[in-house]
Amino acid sequence: MSVLARYRSLTESGVLGLNKRNGDYIMRFNPRRLYPLVDDKLKTKQLAIKAGIAVPALYGVIETQHDIRRLEEMVAGHREFVLKPAHGSSGDGIIVIAGRSGSRYRTINGTLLDTEFINHHLSNAISGQFSLGGIQDTVIVEAMVHFSPHFESLSFEGVPDVRVIVFRGIPVMSMVRLPTRLSHGKANLHQGAVGAGVDIATGTTLGGVMSGQVIDTHPDTGVVIAGLTIPDWDTMLDISARCYELTGMGYIGVDIVLDRDLGPLVLELNARPGLAIQIANQQGLLRRLEICEEAADFAAAPAERIVFAKKHFAHPVGPVLEPGDVAGQIG
Amino acid sequence: MRNRQLYILASLLAVAGLSIFLFKYQTLGFPVQADAETQVWNVEAAVNFEPGPASVKVTLQIPSLTPGFTLLDESFVSRGFGLSTHNTTNGREAQWAVREADGPQTVYYRALVYRDPAKATEDSTPPFPEIPEFDEPSRIAVDGLIAEVRRQSADVASFTSELLRHIDNAGSDPYVRLFLSDTSSPTAKAQLATRILAAAQIPARVSHGVFLKEQTGAARTVPLLEVHDGVEWLYFDPVTRAQGWPQDFLVWWRGNGPIADVDGGVDVDVALAVQRSVLNSLEVAERRMDSMGSQAFDFSLFSLPITTQAVYSVLVMIPIGALVIVLLRNFVGIKTFGTFMPVLVALAFRETRLLWGIVLFAVIVALGLLIRFYLERLRLLLVPRLTCVLTVVVILMAGISVLSQRLDLQPGLSIALFPMVIIAMTIERMSIVWEERGASEALQEGIGSLVVAALTYVVMGIPWLSHLIFVFPELLLVVLAVTLLTGRYTGYRLLELKRFRSFGKPADPAGSPP
C-alpha cells in the first residue's frame, strides 16, 4: 500500500494520531494546571478516596530519604504491599511484594530482595529516577491487589488491568491489558503485554493485539481472548466516568484493576493515554470522539453519560473495514 | 479562531522575512550564493602635462551619473597637488592645483565600477535649451536643415536619426557642409547635432564615455548623443546612428568641453585605461552600502568582530537543525533521547566529520553504558551517579584523544567538542530505558537519536543554506513561520502508518506470534 493510500485508510478508520491527540485533545481539554492531580498518583489517590471511588488502600508515603527507614513500620501487619513512585510513568519503578522470606522480601514473581536493595530503589525513586524530568518524587506504599481469578486463564503472572479512555466524562473506548511472559508480568503494551479491546456496551472482550500484531489466543496460556465478559463492568464504567469530575481533565485514561474481594479499584489516571488501545479494538478513537462532540451532553450526570456511551459505542462503531476481521466475528 | 491567528502570525513573519530578504538581495545586492563574485572594472584616467613656470590647475571631468553602472570606489593620486572635487551642471570635476611644479607631471583618477541593472538613468527632465546664436548664413542653413529634417521625420527619435544622417554626409549635404567636413570627428558631429537640436527646441547633449571591455593599451572615449523627447532620454551613436543604450558603456562626462583642462601647463595628454577584475560579491555589497551611506551593513551580522561572526555562523543554523528535528519527530515520528540532544551532537559532528562522529559517539555511549551498568550495582544515589557518569565520560574522551594521538588518528582529537553533559544524560536515560523497557527499545531510541543527529548535521552543513541564513538572517523569521505551522500539524506521523498497519486486517490464522 502506498503511503498516501495508507494515510487515507487511517483517516477513514478514524484513527487518532499522536499529533492530533496532543494538539486537538490533550492541549484543548487537559489544562496544564490540573496535571499535578493526575501526574502525582498520591494526589489522585487522595482525591479518589475523598470522592468515594475505590482505590487500593494507602499504607503510607515515603517522602524523604529519612522516611525510608519507616517502611518497615508502614507495612507492619501487611505481608503484601506495593511500592509505587508517585510520578512514575508506564509502570516504571513499581515493586510488588507478595511475601517475606526471613529478613528478605519476596516479589510477586518470586525474586528475593534484601532490605539494602529496597532501600536503594526507594532512594532512587525519591531522587526522581522514575519520574518525568527527574523531579523529586515520593513513593506510595499501598495494598497489593489480589487479582480476580476471572482473568487467570488470560494472564501470565502480574495483574491484568482495564484501561478506559474517558472523553469529557464519557467512556469512549476500553481495553483490558493482559500480562505475558514477554512483559515480565507487567500490564504494559509496549513491554509485550496483550491488549484486548472491550466492547463498551457489554463489557465483553474483543480480539487481542500483541506487539502491534493481531492475535486470537493468549501467547502463554493459549486461551482464546475474545468473548470473555468482564465482571462488574457497569461499576467500571461508573468509576471511569466519575474520574472526570474528580480531576476536571477532559481526555484521560483510567486504569482499573479488578480485586478479588474489593471489586474494581482505580489504580491511576493518565493525562496522556496511549494510542495502542485503537489497535486492541481495531477501531479508531477519532470517530468516537467526534460522535461525542456532535451529540453528547457533557454536563449530564455520570449515569446519563454512560447511557450515551453504551448507546453509541457498542462495538463496532462505524463501518467494519473487512468482512471476517477479528472485530466482526465477535460483534 | 486560534488557527486563523496562527496563520496570520505565520504569514506576517514569512512576509516580513521574505521582503527583507528580497530587499537585500534585489536592491542592496547581497549575494545569495556563497563565493559569488561580481565583475568589477578598474577605470583610470592619467593626465600628463608639462607644467609652465607659474601655478598649475588641472581640471578633470570625472564620472557622476553612470547609467547601468555603480561607482564603488574612487581615488585621486597626485604628488604635491591640492585636490578638490566640485559638482557642476554637467556632472563632476576634480581639480588639482599646485603653486609650482617641475618637469613632466601626471595626476591619476581611479574608479571601481560594477554593472548594476537596478541603476536606471536618474536624470530629470532638462529645461528647453536656449536657441544658440548663429551668424546669418549659418542661421539660414540651420533653419533650412531643420525644416528639411522635420519634413522627413515624425518624432524626436526619427528627427534625431534623420539629422544624424544629414550630418554624416557632411561633404555632400548643402547645409551641413557649412559647419563640417567629411573628416570631422564623431565628437564634432555630435556637438553640431546638439546645437541644431537646440535650435529646434529639443534638449540634447553629448556624453563621453568608454567601453568597458578587456583591452590592452589606452581606451578611447566615444561620444554618445543624448536627446530628450519630453519623457525620457534617447541615446544615439553619432556615427552609426544606432539608437539605444550601448552595452558596457560607462559615461565619463557630459557636455561639449574636453575631458581635461590644464591651466598653466602644456602638452596635455589624457590616457584612459580599463581593466577588469572580480571582487567577492559580499565585499561589493558592503562597499556599495558605504557609498550609499546605508546602514544595512552596520546592523547586519557583518558588523560583528570576525570571531563573533564565526560563532553566529554556527548559531544561526541551530534553528534549521531544530526544524529538522521537528520534522523528524512530528512528521516522521522518530524517537530520540532528549528533544534537542541530536542538534548538539550534530554540532559536535562539525568538527569530527560525520563518520568519525558517529563512531566516536557510539564508542563513548557504549563504554559509558557499560560503566553505568556497573555503577548500578553500587547503588549510588541519583545525582552522584550522574556525576560519576559525567566524569567517566570526560575521562573516556581524554583517553580516546590520547590514544588517537598515539595512533596518529587526527579525528580522535576533535572529540573534545562533544557535549559531555548531554552524553552523560543520554547514557543515563538510555540505561534506564534499557532496564525498564528492554534493550531493543533502548537501542532503537539510541540509533534513532544518532540518525536524527546525522541528518541534522547534513542539513546544517549544506554550504549554500548556511551562507543564505548567515547573509540573510531574516530568513529565520521564515523558519519561525514554518515551525509555527508545523506546530498545528495534527495529521498522522509516517511511522504511525506502520504502527496502525493491522487496521482492518484479519487475525493471522496460524495463531499467536512468538
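A salt bridge is taken here as a side-chain nitrogen of Lys or Arg lying within 4 Å of a carboxyl oxygen of Asp or Glu. In the predicted model described here, local features require pLDDT of at least 70 and side-chain atom pairs count only at pLDDT 80 or more, while totals for chains, interfaces and linings use all residues. Residues are numbered from 1 along each chain as its sequence is written, chains are lettered from A in the order in which they are written, and side-chain values rest on heavy atoms, with hydrogens and water left out.

By the salt-bridge criterion, 1 such pair is found across the interface of chain A and chain B. It joins Arg488(B) to Asp24(A), whose closest N and O atoms are 2.7 Å apart.

The side of chain A that touches chain B receives at least two residues from each of α1 (3-12), α2 (18-29), α6 (115-127), β11 (213-215) and α8 (276-281). Helices (H or I, at least four residues) and strands (E, at least two) are DSSP runs, numbered from the N terminus. The largest share, 7 residues, is supplied by α2(A).

In total, 55 residues of chain A are in contact with 34 residues of chain B, contact meaning heavy atoms within 4.5 Å. The size of an interface is often given as the accessible area lost when the parts come together. Chain A and chain B bury about 3,900 Å² between them, 53% of it on carbon and sulfur atoms; this buried area is the accessible area (1.4 Å probe) that the two parts lose on being put together, summed over both.

Within helix α6 of chain A lies His120(A). This residue is buried, at a relative accessible area of 9%, where buried means under 20%, exposed over 50% and partly exposed in between (1.4 Å probe, protein chains only). Leaving aside residues up to four places away in sequence, His120(A) touches Glu376(B), Arg379(B) and Leu380(B).

In chain B, Glu100(B) occupies the loop between β5 (91-98) and β6 (105-115). Glu100(B) counts as exposed, with 60% relative accessibility. Its C-alpha atom is separated by 4.9 Å from that of Ser55(B), 45 residues apart along the chain.
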